[in-house]
Amino acid sequence: MKLALSGGLALALVSLPCLAQSPAGNVTLYGAIDTGVEYITHASAGGGSGMRMPTLTGGQLPSRWGLRGNEDLGNGWRGIFNLESGFFADSGSSGQAGRLFGRTAIVGVEGPWGSFTLGRQSTMLTWSLMDADVIGPSVFSMASFDSYIPNARADNSLAYRGRFGGLTVGATYSFGRDTSAAGNCGGERPGDAQACRGWSGLLKYDGGGWGVAAAIDEQRGGPGAAPAVVVPGVAGVAIASSDSRDRRYMANGYVHIADLKLGAGWMHRRIEGSAADVSTNLYFLGATYPIGNWTLNAQASRMIANAYQAKGTMLVGRASYSFSKRTAAYAMLAHMGNSGAGAVFSVSSSSIVPWSPKAGQGQVGVMVGLRHSF
């Protein structure tokens, strides 16, 4: 059994004895459970601190389990599928708005020209960040500024991704990006072809110890669509018509210098709402360094949302100790600095309802946890 991690946004991949196997195909069970306890200062506008077990994510990886399989079709082609379910380790309930396989539910083919998949799957924004974001989808991360970053997925979608030497290209198209009651933007409406559609694109190049990536991700609005959140905990921008859109532009890169890895990037977001337009900019710079059984990560990120008079700067440090290839303990320390009359960014993204400070006030977050992969 082995766990493969790529940067902070890495997926847990484990090879186990096959549950079912023929000479041409196999099925693999895999997963990860990651949880702990976090402490947050200034956990409400009235002040005071708080302690809790995170719900939405762990300190390193969201908890999940999945099934992955393939079948040899000949001539270098394979039939493939992947079902992946996210869950909350504190309560055992399903994540992704209660979906059974909310993280991934795809079927497709894979061959010399890349992979073609259909179902619920990650957009190209996720794939663009795999190497540059060293902290990844953890409790203290860029999700504190934009919860879509670790949850960039689309229902009813088609996807292509192929690698040719060092170049990776990819694209997704969704006929209805979010069928959940929470998002309520299922699309697939006769007479309104653009309602709740979504699409994304990716160009990525990996060289010898370095790489760069660019991605674009667009979500169309529609009747009943949830507002586009700009500052967590604050009323979002209405995108109630198919003319409305929420678009993100990502550019990032990474480089290895001996054992040290540096990652950096910039994301520009533009929301063209039903009644207002809003733009934001998010910048990040991080580093990771292994020392024996230890792995040290640090990242700084900066959000500027001028329309909300909100700016936030977050510093995160994490130290992980691996007892084995599958079990690790970790500790995280983070500080969120808020400035501006509308700046109520929380240091933690671990709950649907954030523990936000009063406007302009900073927060400190501490978490210790344990992760096991299988």
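The model is predicted, with local features needing pLDDT of at least 70, side-chain atom pairs counting only at pLDDT 80 or more, and totals for chains, interfaces and linings using all residues. Residues are numbered from 1 along each chain as its sequence is written, and side-chain values use heavy atoms, with hydrogens and water left out.

I then recorded valine 37, which sits in strand β2 and is partly exposed at a relative accessible area of 35% (buried is under 20%, exposed over 50%, partly exposed in between, with a 1.4 Å probe and protein chains only).

Next I turned to glutamine 60, which I found in the loop between β3 (50-52) and β4 (64-74); this residue is buried, with a relative accessible area of 10%. Its side chain makes a polar contact of 2.3 Å with the side chain of serine 320 (a pair of N or O atoms within 3.5 Å; within protein, one must be able to donate a hydrogen and the other to accept it, and residues adjacent in sequence count only if both atoms are side-chain atoms).

Last, I searched the whole structure for disulfides (cysteine sulfur atoms within 2.5 Å) and found one. Cysteine 185 and cysteine 196 form this link, with their sulfur atoms 1.9 Å apart; both cysteines are buried. I noted -90° about the S-S bond, making the link left-handed.

Terms used: Helices (H or I, at least four residues) and strands (E, at least two) are DSSP runs, numbered from the N terminus.
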